Amino acid sequence: MKILNTINFLNIKCTNRIRNINNINFCGANSLSKDIFEKSPIKTVTIKNTKGNNVDAIIKEEFYKDDTGFFGTNPKMLSLNVNGKRLGYAVMYDSKDEDELYVKELYTEENFRRHYKGAGTELLKCLVEESKKRGHKGKISLTASNVPPPFVFYYKNNFQAISKYPQYIAAIDYAARNNVPVSKLLPDGMSALTMQLDEEGAEAFLAGKKLYEQKNSFTIAKTNISNKEFEASYTEAEDGCFYFQIISKNVDKKQQRWFATGKFTEENGKKYIRLYPIDENFYASNKVCEFAKESAQILAEKTGVDAVEIIEENL
């Protein structure tokens, strides 16, 4: 859907095409509604077409006016263009509350995405460079919307999801490692997540390093329940904790999940795994719950732990 917006600038009547918000693929923010026109080229970058050939693209700064201060200060817009056509754009501000760059929108044109790859990554590189230029050390925050592929795209590029629901983060991690659509693993109604790139993640991103790949992650066990394959997955988290989840790629989301945060502890010379299930696990069938307990015992044996305790409360 295209909205035709007529604006007046310096007494010149201009026509500007603005994309409908429903087509945004990276940030779930409002679509552009300010005066926009091409300003100046910044640099040339290389992306690829669907045949794997290199294609030159031009990053341009475009005029973007926003005096409201609602999203932050010092607004700026960059666009990525191929053969004179805009393939994508990014809108950024200095954050109102934090020492970071706030990205209101990062968008790539759906029709062009069928022919080119890498536009989002090149725009993201520019955002990190802009963050460093403004003294934010590469730090970025944004709201990613739950339409393919934002969650996994940002996670693979070292962003962390800021959420009080760690099962969402674990599902994104699993999707990133196993090439599974994250929409199959997240609950219905999961519309957006706040995601942040810190200084370490920004430096690693510019160096081409994927930090999530450095975390220990493996499949503990697999089984078939009602002719559907389930697996128990372990993923290292932070501060000595880990995510423990039962995943299936081909059953209803509410029926497949069993999730817990876990922690290795030691008391009186004995080593324990303590699992703290989430309260959503009542969706899981009895067989899935039994498989979770069996898999936890296998994990204990693999890691040399004496016992497993399942604590029916939040960590």
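**Close-up views of cysteines, aromatic rings and charges**

**View 1. Cys-289 counts as buried, at 19% relative accessibility.** Buried denotes under 20% relative accessible area, exposed over 50%, and partly exposed the range in between (1.4 Å probe, protein chains only). Cys-126 is likewise buried, its relative accessible area being 6%. Across the whole structure, 0 disulfides are found, a disulfide being a pair of cysteine sulfur atoms within 2.5 Å. The model is predicted: local features need pLDDT of at least 70 and side-chain atom pairs count only at pLDDT 80 or more, whereas totals for chains, interfaces and linings use all residues. Residues are numbered from 1 along each chain as its sequence is written, and side-chain values use heavy atoms, with hydrogens and water left out.

**View 2. Tyr-64 and Tyr-93 form an edge-to-face aromatic pair.** The structure contains 14 aromatic pairs. Rings of Phe, Tyr and Trp (its six-membered ring) pair if their centres lie within 6.5 Å; planes under 30 degrees apart count as stacked, over 60 as edge-to-face and the rest as tilted. For Tyr-64 and Tyr-93 the centres are 6.5 Å apart and the planes make an angle of 80°. The pair links distant parts of the chain, 29 residues apart: Tyr-64 belongs to strand E4 (residues 54-64) and Tyr-93 to strand E6 (residues 85-94). Strands (E, at least two residues) are DSSP runs numbered from the N terminus. Both tyrosines, Tyr-64 and Tyr-93, are buried.

**View 3. One aromatic cluster comprises Tyr-64, Phe-70, Phe-71, Tyr-93 and Tyr-102.** Over the ring of Phe-70 sits the charged end of Lys-96, 5.4 Å from the ring centre. A charge sits over a ring if NZ of Lys or CZ of Arg is within 6 Å of the ring centre and within 35 degrees of the ring normal.

**View 4. Arg-274 lies over the face of Tyr-272.** The distance from Arg-274 to the ring centre of Tyr-272 is 5.2 Å.

Note on methods
Helix = DSSP H or I, 4+ residues; strand = E, 2+ residues; numbered from the N terminus.
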